[in-house]
Amino acid sequence: MYRKFICIISFLVALWSDGTVWAQQEGDKAEMSRNTGRKESKAWEIGLGGSLINWNRVSFSGFTANPDNYYHNLKVDHLLGGPSLYVAREICPWVYVDLQGMMGISEHNSDPRSGKKHSLLYMGGLGVQLRLTPLFESKYVEPYLRVGINYLHKNFASAYSGNFADDPTGLAHWEASDFWNPNGRKSDKDNMVPLSFGLGVNAWMSNRLGVGIQGEYLMPVQKDLPRFFAASVRLLLRFGGKDKRPAPVVRTIEVEKPVERIVEKVVEVPVESAASTSYNLCRLLDNVHFDFDRDQIATESESLLDEIVDVLKNNADSKWLITGYTDARGSRAYNIDLSKRRAKMVYDALLERGVPATSLKWRGVGKAAAAIPATGSDAVRRGDRKVLLERVDNEAYWQALD
């Protein structure tokens, strides 16, 4: 029995300590570690709240008799309430490891002769959660299944059968049962090791603050000890982990649209001159490329930035959105980050060449617009690794961009 307990504890400790290995096995995280030297932080969740433990306790005392009947005082406690503490660590999006503790308090004494003012129950242990979040579109609601092992200590007797004290007949016997123990229990211990099986849900009100509800069925490893149910509700704080807010949607338009807008907007410029300027800008931008899995502008594209700056300075009153792209290789999350870094690199290069920051904003859309599949050759996929500029005339849209 205790060997099983030791094996389970060893497994949970090994699972916790090997969490970084699990993360490195995910393709996109390993790729990011090799190329950028950075790792995504794992989420920590800390919760404080209250708990209810459905523990039936039965005791008889205060024997009295009259000519017709015998009387005993019956005392039953169904619920023990108290505080609860919760700490969880993300291993991967599907698996979390947690440490939970709860306390049950009752003013009712199961044994009046003990002189105790309160009956107390303490329980705490390790658990593994299977998060179902990746199955759903919303990241703000996280249902999960949980299995764990706990240590429990109580300072009261928990009897389910016995003889009546001070019974003059000596024949009366009582037995008690409840929903969780329909056949009663004859054994009782103040210290035990229950296994827990439960489910819960975390609901996040923001990226960092949420509430959690959990219910679990507990079954002691030792034989013939009480089984019971526990529930808890808690306020949660979250640190690290992926941003739960949806990625901003950046609308892309064809190159011809900014050309048409420039001709229509700048009426004082001859159509021929505006078309020539737009053509030069588009031609230049089409040649700002990046090497595979790099955010440094390719050497042959550096000289083009000076020509791009001349075009932007000739349109000093215009506002420009810089959008970074990647080819189709790699995960979506990794390519979003890479495209943002590429757009930021062009943004910084334009600032260094004198373009005012008030006329520039940047975004990355990853591989969403990649035209060539991941199986294409590097020379062909190079056309998808680029940064483009979009002229923004809608002031409300410009202000809404971060």
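Residues are numbered from 1 along each chain as its sequence is written. In this predicted model, local features need pLDDT of at least 70 and side-chain atom pairs count only at pLDDT 80 or more, while totals for chains, interfaces and linings use all residues; side-chain values use heavy atoms, with hydrogens and water left out.

Begin with strand β11, residues 228-239. Strands are DSSP runs of E with at least two residues, helices are runs of H or I with at least four residues, and both are numbered from the N terminus. In a regular strand the side chains alternate between the two faces of the sheet. In β11, F228, A230, S232, R234, L236 and R238 point to one face and are buried. Buried means under 20% relative accessible area, exposed means over 50%, and partly exposed lies in between, with a 1.4 Å probe and protein chains only.

Strand β10 (residues 209-220) runs antiparallel to β11, and ten bridges join the two. Two strands count as paired if DSSP finds at least two bridges between them. One of the residues in this pairing is G210, whose bridge partner in β11 is L236.

Elsewhere, three strands form an open sheet with mixed pairing, in the order β13-β12-β14. Because β13 (360-364) and β14 (387-392) stand at the edges with a single partner strand each, one side of each is left without a neighbour in the sheet. Neighbouring strands of this sheet are turned by 25° against each other on average, direction ignored. Such angles are taken between axes, which are lines fitted to C-alpha atoms (for helices, over the stretch in contact), and run from 0 to 180 degrees between N-to-C directions. Strand β12 (residues 319-324) is antiparallel to β14 and is joined to it by six bridges. Within this pairing, W320 stands opposite R391 in β14. Helix α7 (residues 332-352) lies across β12, β13 and β14, at about 160° to β13.

Next comes W180, in the loop between β7 (173-175) and β8 (191-192). With a relative accessible area of 22%, W180 is partly exposed. Which residues does W180 contact, leaving aside its neighbours within four places in sequence? They are N54, Y217, R227, F228 and F229, where contact means heavy atoms within 4.5 Å. W180 and F229 are 49 residues apart in sequence, yet 7.6 Å apart in space, C-alpha to C-alpha.

The last topic is charged side chains. A salt bridge is a side-chain nitrogen of Lys or Arg within 4 Å of a carboxyl oxygen of Asp or Glu, and by this rule the count comes to 14. D98 forms one with R146, the closest N and O atoms being 2.8 Å apart. This pair links distant parts of the chain, since D98 is in strand β3 (residues 95-106) and R146 is in strand β5 (residues 141-154), 48 residues apart. Both D98 and R146 are buried.

E142 and R131 also meet in a salt bridge, at 2.9 Å from N to O. Here E142 lies in strand β5 and R131 in strand β4 (residues 119-131), eleven residues apart. E142 is buried at 4% relative accessible area, and R131 is buried at 0%.

R391 returns in a salt bridge with D393, at 3.2 Å from N to O. R391 counts as buried at 4%, whereas D393 is partly exposed at 35%. Salt bridges that share partners join E45, R131, E142 and K244 into one network.
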